[in-house]
Amino acid sequence: MSSIRINGQLYWKTRTPTKNGHIDPLPARKGSMFVDNPSSAQRRRDRRLFERHFDARNVLLGPDVLIVHDRKPWRIVEVRELPLDLWGEEWDTAFADACAYWDRYPNGDRPTKENWRDRPVMLVMRPEGQPTAEPSHFRTRASRHFDVLPEHYAVCRACGELPPCQHEINENDIAAAVNYTEELMAIQPGCCHGCTEPITSRMQAVRFPGPNLWRPDLGENSAVFHARQDCADAVTRYRSQWEAKGHDERQPMLPMEDAGDDA
Ligand SMILES: [Zn+2]
Ligand SMILES: [Zn+2]
């Protein structure tokens, strides 16, 4: 999966296929697949297959592993444990909280500073392609996972970022906005502003009084939507913009007065 936008927020992930990088060995070989001694040859075979599949996707972070950080490739020099007395107040407090939680809900071994899954560790690494650069230090928690890049990976020819680069993201956003505008401009008078299809006299509709916020050229009181589930998202979007303009005299569920053809 690559980057997606949810409610305007961009969740960036490079398009290059990556593996899952982890700092501690994964406790993942558990679950129904991993009862201690599979009783049948088939189960034992299934387990071997799964273990190989699992090992092919997961990488223990260490020197020379290439990871994605801040949308760029970085080469790890070292993963360093922090001296236990130098964690700092914030981490000490978090550790105390984790112990208190365990005391209430014991599960497995009680955490120690040495093996706490969220303990702070130092990632020492360099920007890829700068082998003589002074290594940078990033403090992170040991439970955090990173995207591990293959040695052969793509970067944008124009800006050097991992794909999708910021330019590509901007271009896609603009294309989406243009596409959306074209869809809006295709709405015929009296048609639903959500799905652009006609609203017949038998259909329930939601009409918003006042200037049309999406198609001002259609005139006053012309913003209308089907009152059906398919078009409800558009109504919600329009309503929030409409209310933001200070309107509150909503006229929901009006039957249409100027009926068109029955569908
Ligand atoms: Zn670029
Ligand atoms: Zn509609």
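The expected span of a helix is 1.5 Å times one less than its number of residues. Helices (H or I, at least four residues) and strands (E, at least two) are DSSP runs, numbered from the N terminus. The model is predicted: local features need pLDDT of at least 70, side-chain atom pairs count only at pLDDT 80 or more, and totals for chains, interfaces and linings use all residues. Residues are numbered from 1 along each chain as its sequence is written, chains are lettered from A and ligands numbered from 1 in the order in which they are written, and side-chain values use heavy atoms, without hydrogens and water.

**Exercise 1.** Find what span helix α2 should have, and compare it with the distance between its end C-alpha atoms.

*Solution.* Start with the length: α2 runs over residues 89-104, which is 16 residues. At 1.5 Å a residue, these should span 22 Å. Now look at the model: the end C-alpha atoms are 23 Å apart, which agrees.

**Exercise 2.** Which residues coordinate the zinc ion (ligand 1), and is Cys165 buried or exposed?

*Solution.* Donors are N, O and S atoms within 2.8 Å of the metal (3.2 Å for Na, K and Ca); water is not among the atoms, so sites may look incomplete. The SG atoms of Cys156, Cys159 and Cys165 coordinate this zinc ion at 2.2 to 2.4 Å. Along the sequence, their spacing is C-x2-C-x5-C. Cys165 counts as buried because its relative accessibility is 4%.

**Exercise 3.** What are the protein donors of the zinc ion (ligand 2)?

*Solution.* Look for the SG atoms of Cys192, Cys195 and Cys231 and the ND1 atom of His226, lying 2.1 to 2.3 Å from the ion. The donor spacing along the chain is C-x2-C-x30-H-x4-C. His226 and Cys231 are both buried.

Methods: Buried < 20%, exposed > 50% of the residue type's maximum accessible area, 1.4 Å probe, protein only.
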